[in-house]
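Biologist: Could you take me closely through one part of this model, and then show me how that part sits within its surroundings? I would like a connected account that I can follow with the structure open.

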Amino acid sequence: MTDLLTLAGVHTYVGRYHILQGIDFGVAEGQTTMLLGRNGAGKTSTLRTIMGLWQASAGQITLDGQRIEKRATPEIARLGVGYVPESMAVFSDLSVKENLILAARDGPLDDRRLDWIFGFFPALRRFWLARAGALSGGQKQMLSIARAIVEPRKLLLIDEPTKGLAPAIVVALIECLGEIKRRGATILLVEQNFHAARELGDKVLVMDNGKIVHRGEMAALAKDVALQEHLLGLSLEAHQ
Amino acid sequence: MTDLAASGALPKPKRDILPALLPVIVSLAMLPLIGSLSSWMTLTVASFAMGMMIFIMASGLTLVFGLMDVLNFGHGAFISVGAYVATLVLLPLATWVQADSLWLNLAVLAPAALLSMAVSGALGLVLERVLILPVYGQHLKQILMTTGGLIIAEQALYALWGPQIIPLPLPTSLRGSFIFGDVAIAKYRLLAMLVGLIVFAGIQLVLNRTKIGLLIRAGVENREMVEALGYRIRRLFLGVFMTGSGLAGLGGVMWALYREQVHASMGSDLTVLIFHRR
């Protein structure tokens, strides 16, 4: 399977802090690659660097054969990258409908695709004209993900979608992301919830101190308790 | 599929109508103090007209501050430039201005206003690129740079047009008042109110009914996410800045006609008023 996204020797500074210290990895097309690691390991910085929100100071980032490390964020998004930030970043003054209208930049909203999205997230249909700022945290996360998939995208960058959500909503989100994955989406998913990681991940990357310290099959890491404890300080069993 | 819908309905968003009602409330409160209904009517229309002119000038400032977080103390420069540019059309065509025909008056007034808006908008483009681009996100430096820009613009106007006040008479058909019983309503003030309402409706329409308006509102809240959705917010910012500058130019023309004079310091004189309105 070919890599849709590759990072080679990527370094990122934020101010005077050297956050990413030579990252190399690939994200295979049609697969879900999990990006795991402790807080502060550099996971969110990796997504922001790919998205062009922070400029890589060195290294190469290639998306579908095109170098993107020097490109501006809107240009990277227009190459087919959907981004779900950790903060969700829904436009709270706009309605659910208006949030999705903005996300559908290539044309009007597609009714069939909307029905597909509403299948996962019925609340979005129900609160279609409500201000996004009035939604619950879980519903905002639904909207944030819906925004990223309202049009087909080559690559989805999703940052901790289950963070701070109630367990029932986490289960539903995993179900939703699983369905998106079954449709052949390529996803780079940052996640602290190991249950979600095990359910969704094909490949796994583990970061620590701005470096990739492990790469392999998610299934293999899920089975290897000692390795989990070594890499992450916790085992998957501890999260069951 | 798991139903993620919340069980309860969302709280209805509160519509803040107090700002819109405030002028009406204040004007009604003045009625017993003024005593005479006819005087109250005349003064209310006059104050609404003045308010609308200040609104036209300040609306650009509000857009620029709201979307771009730029404190533009040089906004008054666009007002002065707009007024001076209008004299380039209105003074050579003084015979049309003084003709006793509404259509001839409007035929010279409309292109003067459009030219003023275009030149002020273009000046906005230059100021944004030269003065504001290097100081985005730095309020103190923005104040220094834009105040400097205002001083330079004012001195440039003195250099080009001289220090004297330029008389700018109102077109003939906009002079005088409509008389309804004891109530006298100045024609120009009615026009100012009409233009102000059109600008207000236009801004509301663009902000609430177009995708560009959605982008502006979204950009005010989270410009980074707007970019992550694939929109070039820098271009949007520039468009908003130019629109705001153009509106200030229009306000400058209207204010100059209201005062029937143009002078280089009119923009800086109005700066406090428009910041207060913003």
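Modeller: Strand 3 of chain A is mostly covered, since 6 of its 6 residues are buried, where buried means under 20% relative accessible area, exposed over 50% and partly exposed in between, with a 1.4 Å probe and protein chains only. The cover is on both faces: A:T32, A:M34 and A:L36 on one side and A:T33, A:L35 and A:G37 on the other are all buried. Helices (H or I, at least four residues) and strands (E, at least two) are DSSP runs numbered from the N terminus. This is a predicted model, in which local features need pLDDT of at least 70 and side-chain atom pairs count only at pLDDT 80 or more, while totals for chains, interfaces and linings use all residues. Residues are numbered from 1 along each chain as its sequence is written, chains are lettered from A and ligands numbered from 1 in the order in which they are written, and side-chain values use heavy atoms, with hydrogens and water left out.

Two strands are said to pair if DSSP finds at least two bridges between them. Strand 9 of chain A also runs parallel to strand 3 of chain A, joined to it by 5 bridges, with A:L36 opposite A:V206. Strand 9 (residues 203–208) of chain A in turn pairs with strand 10 of chain A in the antiparallel sense over 6 bridges, and A:M207 faces A:I212 across that pairing. In general, strands of a sheet pair through backbone hydrogen bonds, either parallel or antiparallel.

These pairings belong to an open sheet of 6 strands in chain A, with the order 6-7-8-3-9-10 and mixed pairing. Strand 6 (81–84) and strand 10 (211–217) of chain A stand at the edges with a single partner strand each, so one side of each is left without a neighbour in the sheet. Direction ignored, neighbouring strands of this sheet are turned by 15° against each other on average.

Helices lie across this sheet as well. Helix 10 (residues 225–232) of chain A lies across strand 3 (32–37), strand 9 and strand 10 of chain A, running at about 160° to strand 10 of chain A; axes are lines fitted to C-alpha atoms, for helices over the stretch in contact, and angles run from 0 to 180 degrees between N-to-C directions. Helix 6 (residues 137–149) of chain A lies across strand 6 and strand 7 (155–159) of chain A, at about 175° to strand 6 of chain A.

Leaving aside its neighbours within four places in sequence, A:L36 is in contact (heavy atoms within 4.5 Å) with A:K43, A:E191, A:F194, A:A197, A:V204, A:L205, A:V206, A:M207, A:M218, A:L221 and A:L232. Of the 158 residues in the largest nonpolar core, A:L36 and A:I180 touch the most other members; such a core is a set of buried Ala, Val, Leu, Ile, Met, Phe, Trp, Tyr and Cys residues joined through side-chain atoms within 4.5 Å. The largest share of this core, 14 residues, comes from helix 2 (residues 37–68) of chain B.

That leads on to chain B, whose secondary structure comes to 11 helices and 4 strands. Of its 278 residues, 45% count as buried, and the C-alpha trace of chain B spans about 75 × 50 × 35 Å along its principal axes. One buried residue of chain B is B:E128, with a relative accessible area of 0%, which lies in helix 5 (residues 102–132) of chain B.

For a contrast in chain A, A:H18 lies in strand 2 (residues 17–28) and counts as partly exposed at 29% relative accessibility. Beyond residues up to four places away in sequence, A:H18 touches A:H11, A:T12 and A:Y13.
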